[in-house]
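Open the model in your viewer and follow along. Each stop says what to select and what is there.

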Amino acid sequence: MTALPASTERALGLVIDLDTCVGCHACVVACKEWNSGSSPAGPLSDTDAYGARPSGTFLNRVHTFEAVPADGRQPRVVHFPKSCLHCADAPCVTVCPTGASLKRERDGIVLVNEDDCIGCGLCAWACPYGARELDPVAGTMKKCTLCEDRIDNLALPEEDRIPACVRTCPAGARHFGDLADPESAVSRLVAERGGIDLMPEQQTRPTNKYLPPRSRDVDVLAPLLEPLPEEAGGFLGWLDRTLARL
Amino acid sequence: MRLATEFRSIRHDSMREPDVPDTAPEIRRTTCYMCACRCGIDVHVAENRVHHIEGNRAHPVNRGVLCAKGSAGVMQHLSPARLRAPLRRTGPRGSGEFREISWEEALGIAVNWLEPIREQHPERLAFFTGRDQSQALTGWWAQQFGTLNYAAHGGFCSVNMAAAGIYTMGGAFWEFGAPDWERTRLLILFGVAEDHDSNPLKIGLGKLKARGARVISVNPIRTGYSAIADQWIGITPGTDGLLILSLVHLLLTSGKIDLAYLMRFTNAAWLVDQDPASPGFGSFLRDSEGRELAWDPARHRAVPAADVARPALSGGFNVGPTHVKPVFALMAEAYLDPALAPEAVAPACGIEPEVIHRLAAELADTAFNHPITLDRPWTDHCGKRHETMVGRPVAMHAMRGIAAHSNGFQTCRALHLLQLILGTVETPGGFRFEPPYPKPVSAHPKPHHKVTPGYPLDGPQLGYPRGPEDLAIDADGRPKRIDHAFSWEAPLSAHGMMHMVIANAARGDPYPIDVLFLYMANMAWNSSMNTAQTIGMLTATDATGVYLIPKIIVADSYSSEMVAYADLVLPDTTYLERHDCISLLDRPISEPDAAIDAIRWPVIEPERPGAEGVRGFQSVLLDLGVRLKLPGMVDANGKAIYRDYADYMVRHQRRPGVGPLMGWRGEDGTGTGRGAPNPKQLARYIEAGGFHIAHVPEEAAFFKPWNRAYQDWAVKIGIYDTPQPYLFQLYVEPLARFQAAALGHGPHQPPDALRERLARAMAPLPVWYPPLSDTDTDTYPIHAITQRPAAMYHSWGSQNAWLRQIHGENPLYIPGALWESLGFEPGDFARVVSPHAEIRVPVARMDALNPATVWTWNAIGKRPGAWSLAPDAPEATRGFLLNHLIPETLPTGLSNSDPVTGQAAWYDLRVRIERIPAEARSAPAFPSEMSPVPRAPKLVKFRAG
Amino acid sequence: MHPAPSIIAFTTLSGIGFGLIIWLGLGAAPDATHLYALILCLLAAGLVCAGLLASLLHLGQPTRFLKAFSQWRTSWLSREAALAMTTLVVFALYAALWVTGTRFLPLGLFAALLAFKTVFATAMIYAQMRSVPRWRSVLTPVIFLLFALTGGALFAGVRGPTPWLLGALGLLQIVAWLWGDRALARSGTTLATATGLGEMGRPRLLEPPHTGQNYLLKEMVFVVGRRHAARLRVIGLVLAVVIPLALILPTEGRLAVWIAADVHALGALVLRWLFFAQAEHVVGLYYGKR
Ligand SMILES: Nc1nc2c(c(=O)[nH]1)N[C@H]1C(S)=C(S)[C@@H](COP(=O)(O)OP(=O)(O)OC[C@H]3O[C@@H](n4cnc5c(=O)[nH]c(N)nc54)[C@H](O)[C@@H]3O)O[C@H]1N2
Ligand SMILES: Nc1nc2c(c(=O)[nH]1)N[C@H]1C(S)=C(S)[C@@H](COP(=O)(O)OP(=O)(O)OC[C@H]3O[C@@H](n4cnc5c(=O)[nH]c(N)nc54)[C@H](O)[C@@H]3O)O[C@H]1N2
Ligand code: SF4
Ligand code: SF4
Ligand code: SF4
Ligand code: SF4
Ligand code: SF4
Ligand SMILES: [Mo]
């Protein structure tokens with residue numbers, strides 16, 4: 001149903017630490033692989049795969065941004081993974097004419113029921129984040145499922161009931177959990193690190209949060225090194241005194 | 001097991017029937033080889049098809065995570081560029097025209113080529129291997145064949161790092177050591193992009209981030225790890241040595257060094273002969289038993305260093321007629337020099353002096369104000385018990401950013417010197433070795449080069465020379481090896497100089513070769529300097545029309561650029577289809593707390609429908625050995641000793657009881673490291689997830705070179721046969737001996753033309769000199785370097801339908817100020833000119849970049865038609881290599897390499913740049929080759945089952 | 001946004017068709033012969049149907065189109081589909097009666113109301129999108145309706161209001177452009193809000209996530225050159241407004257009106273192309289494009 005639930009029991013989502021992400025694209029490919037090879041959501045097709053204009057369906061992509069602070073601090077490079085944010089006020093759901101797009105009441109996951117999807121593309125237009133891609137071969141809309149077929153999948157060992165991208169992230173920059181529960185590890189991380197919403201003005205109320213890069217260039221508190229005093233014999237004097245103490 | 005795919009999605013009121021494959025996937029655990037990190041993988045397989053690949057959570061290298069390449073393994077395994085049958089060239093070299101032949105025919109041809117060579121001049125086989133991880137086998141094979149011309153890829157990769165580490169500390173960064181991730185408070189990265197330890201580094205950085213430890217990156221470019229570093233030092237390429245020695249200078253002038261550590265664990269107190277008239281000039285003073293001496297100030301005489309608790313560290317002494325000084329006194333003289341003050345070096349380094357001052361202060365503060373004490377008693381090699389382990393939580397890690405320069409060896413040495421004066425090597429919180437390291441130079445072989453037709457070589461080709469007498473040169477001082485390794489041109493070229501093979505072979509310098517045999521190396525493209533000319537050398541003929549390099553055999557799995565230049569192609573399997581051995585004898589996957597080795601095994605049976613099929617190269621090599629009747633491969637009756645590589649992995653023994661694999665040895669499988677071959681060994685590995693782990697005992701975890709428990713453990717598991725305690729070498733005597741030779745001492749004398757360069761480069765204490773090709777810096781003011789993208793492995797990632805979408809082309813990144821001053825606009829091209837060649841390529845702006853540096857991703861550019869890509873693929877039309885600009889020789893005719901180790905100086909490249917309007921494609925453009933494999937499909941719908 | 005021919009054809013043709021239905025429903029062409037009534041009704045229904053068929057081409061799974069009627073409570077697209085079908089049915093009834101001689105105006109009024117709502121629903125599909133600031137404006141439905149009414153009027157041969165409609169359309173189109181050109185900037189969505197990295201300085205795309213193509217770039221990130229767009233605006237306005245005005249103001253001739261209607265329709269297509277091509281989706285910010 002394309003009516004949004006007034007509230008959801010849980011708000012499952014991702015917390016992405018921009019201070020830790022090294023931009024390795026592991027999450028991008030692990031997502032592609034799981035959702036292509038082993039999930040009912042697949043395959044995610046690639047057209048002109050070995051040709052001049054390869055184009056593929058991916059549910060998670062990593063952008064790289066650069067910023068030069070005006071105040072002369074060091075320029076920064078930030079790797080920025082982006083997949084569906086499982087918005088509370090998901091505009092992609094309400095625009096859907098078929099009911100294929102839905103937000104699940106029990107956990108807040110935004111999904112596409114591909115059997116109902118007519119591939120009109122409207123939901124992808126409605127999403128400000130570019131989180132939906134219409135697969136040209138399937139003719140239906142693909143999006144991050146928050147790996148619903150992993151996190152609730154009793155056939156998987158418990159420790160693997162997490163999204164493929166989270167499981168694979170080598171740097172540990174991706175966290176998964178219930179953001180409706182203020183006591184959850186992810187909620188605490190968000191509180192501690194000042195997690196933010198993307199495009200708050202779009203009023204989508206994303207569930208996923210981003211932890212901004214920590215402030216850098218902290219001056220070392222230690223005082224600069226003092227040269228050894230000349231009057232005490234300089235380096236050799238210091239050497240003798242230190243050796244005598246050893 | 002139940003199926004992941006049985007899961008029913010509740011997306012709707014009605015449930016959808018999931019696609020359930022007929023057979024349940026089974027998890028087969030093996031080792032990834034989308035790069036040399038060699039993580040453990042769980043391959044989900046059903047009906048000989050891969051469903052997906054996940055990280056093995058129990059694996060000590062990756063603990064469950066996988067990088068982008070690892071997860072894309074499915075697509076590499078299914079690549080349309082996979083070879084399908086042995087190939088015999090039919091068109092001219094480089095055309096890509098081949099005929100598929102049978103294995104019998106292929107091996108017959110190889111034997112026909114190799115047999116006569118072995119009987120007459122074995123050195124005319126040059127066998128070089130690239131991304132080879134079975135060097136224990138390939139090296140042994142070459143040795144049994146009898147050629148001295150063998151090496152793996154280390155010479156163009158990071159031998160500076162390896163050699164500097166081994167000569168200084170008996171171990172190196174690379175993948176042979178690691179920061180103490182659990183304890184360090186400050187990590188400094190010097191020139192690291194991905195490194196071989198890719199996942200461990202990322203896991204480690206994640207840990208530091210979670211703990212709030214500081215990370216500083218010294219790198220001209222801020223991407224990847226540097227992007228998340230708390231501080232980025234955008235150094236000018238080639239100047240790290242200056243920065244590091246300036247830090248040493250500051251630490252010395254302020255007395256912030258760990259004297260106790262230096263005295264106990266290094267050769268700081270050893271006496272050096274300083275008498276220019278003495279035959280031992282530059283060497284250590286030794287007693288008649290060969291023990292190094294130190295000065296005992298109490299007794300006023302030189303005594304064996306081990307016998308004096310408080311040796312002199314300063315001053316000069318006369319011992320008999322010889323004037324000697326302790327190493328530390330020489331260090332003080334060298335590094336207190338005001339020329340190393342931050343203010344003096346900063347302009348060259350492209351950073352503010354303040355940055356160096358602050359970095360030194362931070363190092364000193366972290367090391368000396370925050371020591372770490374573990375309540376872990378340990379006993380040193382002299383039998384003295386220590387109640388605690390005290391360490392200094394400063395860790396460093398470095399890779400090719402400092403290694404791939406012609407001053408890289410000395411820069412790496414300087415970095416080790418810095419680590420050592422801070423007392424951070426093999427102490428808690430610092431840098432730790434991974435077994436089989438530490439291992440002193442004395443435990444390594446020397447290079448062997450005695451060729452006897454029809455017989456094996458006199459020993460392993462590669463090793464660590466101790467002095468000029470160990471060089472591989474003839475009576476006239478000329479190189480004996482085709483790559484000129486271990487010659488005066490590069491005395492300590494411990495890994496050989498693969499990048500020189502083609503050029504020297506084409507020139508017949510020192511002699512022509514007959515067969516060039518390449519395994520897993522794309523030498524016609526991204527691993528050659530001067531690509532266009534290298535292609536010229538591969539195709540050049542003599543007056544009679546015979547190729548200058550008459551026969552080329554290539555063992556590859558894919559339709560790489562190199563394959564097109566082969567006369568005979570031996571098609572290898574993919575990494576999921578064969579046995580491999582990741583051995584302690586070679587490049588294992590150990591961690592600081594454990595010795596670890598691993599295997600690969602055929603989790604998928606190789607299928608190449610409609611074609612002859614492929615075979616694991618190592619098995620083919622053994623088969624060739626049998627056909628050539630190489631000793632060790634055939635028994636007295638000329639029968640094969642090993643059925644195949646798997647059999648060799650189990651039954652081969654290097655020393656009695658020690659073989660390629662350490663796990664489950666002995667008939668009953670209880671032996672670790674030592675024990676008779678166990679026929680069930682591979683089954684045990686497979687059961688255990690593809691690897692074996694032998695944990696370092698807790699009390700042996702630090703201070704390994706001097707830790708009795710470690711030494712005993714290492715002997716127990718067969719790393720060496722007797723304990724090998726040693727001291728770190730601040731001052732490296734083999735270097736001094738070469739330097740002395742350059743100054744005219746001793747019987748082995750370099751050619752005069754090389755004296756000056758050797759005298760400078762072979763300095764026994766770390767020095768800095770400008771990169772050798774920095775001759776016309778006014779005309780070529782800009783540095784040009786490459787970096788590895790995390791999601792691509794050299795040339796071989798481009799055949800991967802998923803990865804090539806991420807990096808299908810590469811711009812040249814231009815620093816903001818230069819971008820503006822040259823008036824670049826998005827979409828423009830640049831003409832980039834080096835003293836040697838020019839390229840025209842697309843550009844992009846980057847501000848977090850050293851202002852005198854441009855860069856691009858490594859190995860994205862492809863030759864049209866290679867890798868089963870469409871000839872108009874972006875890799876071929878817009879992608880490009882910087883390699884075209886890099887000459888393989890300097891104007892002097894010597895190789896463009898580090899003068900000590902022969903490491904290829906990739907990152908010394910200097911260029912000038914002009915803005916040009918957008919062009920249709922990047923230049924140089926290469927003619928398209930015919931693909932030796934069938935056309936790739938247009939559409940990929942990867943779906944298992 | 002990618003100016004997909006199917007959608008441009010759909011919205012333009014069906015818009016005119018519904019406009020025609022509105023005017024016919026309201027009693028236009030009172031003295032039409034049976035044959036002429038038939039032609040007009042077929043034209044209206046034909047335009048609507050052609051548009052709807054074209055829109056089917058846009059679907060990834062066209063055979064499932066029936067599902068699109070189900071979500072009228074929340075989805076403007078669903079409402080549009082349902083309204084369009086109802087309109088067609090009601091209009092068919094009305095037309096059948098008319099052609100057979102009975103012009104039952106209450107039914108016509110009902111059809112007109114439904115057609116009006118359909119066009120409104122179509123417009124709301126675009127106007128509701130926060131992600132495309134240029135579209136998110138009352139001007140979007142107003143202009144869609146004006147296009148429908150103008151095109152319909154021209155084809156129905158309605159005289160009195162037509163010049164006024166043309167004038168209003170031209171004027172509001174210009175207002176919409178002026179407003180729309182600053183819509184993205186006014187929306188408050190920038191790369192800084194999109195990434196949360198504004199604190200660090202002004203973020204800029206350094207590396208796209210893929211050098212390959214993708215659906216998002218093809219669908220949402222369509223860049224028309226400024227000069228090109230300006231030229232097309234003029235051409236579109238001249239065709240849709242100026243020429244038809246010039247044709248119908250001086251004369252009452254049927255032929256002139258027919259030509260005016262056709263030229264107008266051509267202009268409408270050009271302007272509808274621009275409606276899509278000039279609309280910037282905020283996702284472009286992530287790709288360094290706006
Ligand atoms: N400009 C520039 N050039 C560089 C560098 C740089 O930093 N900048 N780096 C240099 C360094 S450090 C290195 S190590 C080299 C690397 O250069 P190479 O060693 O040439 O590495 P690859 O491009 O990976 O090529 C390896 C070959 O192995 C083949 N291959 C892949 N898998 C298998 C397999 O399973 N079996 C067999 N038999 N073959 C296989 C591939 O098809 C390919 O032809 O490049 C060097 N070149
Ligand atoms: N994903 C991936 N991983 C790989 C590989 C791959 O192709 N892809 N290749 C493998 C191989 S063969 C190797 S050898 C390793 C190499 O591993 P790295 O050494 O980590 O790789 P490089 O890309 O050579 O990166 C060198 C880094 O040094 C910087 N640099 C260049 N010049 C200087 C300098 O003068 N000073 C300083 N401080 N920094 C400098 C560059 O900006 C770059 O960040 O990676 C291995 N791992
Ligand atoms: S896997 Fe982790 S570190 Fe790598 S790009 Fe994704 S979030 Fe960043
Ligand atoms: S991110 Fe986009 S697709 Fe995901 S819920 Fe929000 S609006 Fe919908
Ligand atoms: S593409 Fe599918 S999911 Fe998206 S709006 Fe259309 S029918 Fe709904
Ligand atoms: S949660 Fe699953 S579907 Fe979503 S981005 Fe991660 S791997 Fe992809
Ligand atoms: S780092 Fe990646 S490619 Fe390399 S072995 Fe590990 S998972 Fe495989
Ligand atoms: Mo390398």
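How many residues of chain C are in contact with chain A, and how many of chain A with chain C? Select both chains: 60 residues of chain C are in contact with 64 residues of chain A. Contact means heavy atoms within 4.5 Å.

Before going on, note that this is a predicted model, in which local features need pLDDT of at least 70 and side-chain atom pairs count only at pLDDT 80 or more, while totals for chains, interfaces and linings use all residues. Residues are numbered from 1 along each chain as its sequence is written, chains are lettered from A and ligands numbered from 1 in the order in which they are written, and side-chain values use heavy atoms, leaving out hydrogens and water.

**Stop 1: chain C against chain A**

About 4,800 Å² is buried here, with carbon and sulfur atoms giving 59%. Buried area is the accessible area (1.4 Å probe) that two parts lose on being put together, summed over both. Now select C:Met200, C:Tyr215 and C:Tyr286. In chain C they lose the most area to chain A, together 15% of what that side buries.

Next, pick A:Glu66 and C:Arg204. Their side chains meet in a salt bridge (2.5 Å, N to O). The term means a side-chain nitrogen of Lys or Arg within 4 Å of a carboxyl oxygen of Asp or Glu. The rule finds two salt bridges across this interface.

**Stop 2: chain A against chain B**

Show chain B. Here 90 residues of chain A are in contact with 96 residues of chain B. The buried area is about 7,700 Å², and carbon and sulfur atoms give 58% of it. Select A:Glu33, A:Tyr50 and A:Leu225: they supply 12% of the area that chain A buries against chain B, more than any other three residues.

Then color helix α1 (residues 26-38) of chain A, which gives the most to the side touching chain B, with 10 residues. Helices here are DSSP runs (H or I, at least four residues), numbered from the N terminus.

**Stop 3: ligand 4**

Center on ligand 4. Around ligand 4 are 13 residues, and A:Cys84, A:Leu85, A:Cys87, A:Cys92 and A:Cys127 come nearest. A residue counts if one of its heavy atoms lies within 4 Å.

Technical notes. Helix = DSSP H or I, 4+ residues; strand = E, 2+ residues; numbered from the N terminus.
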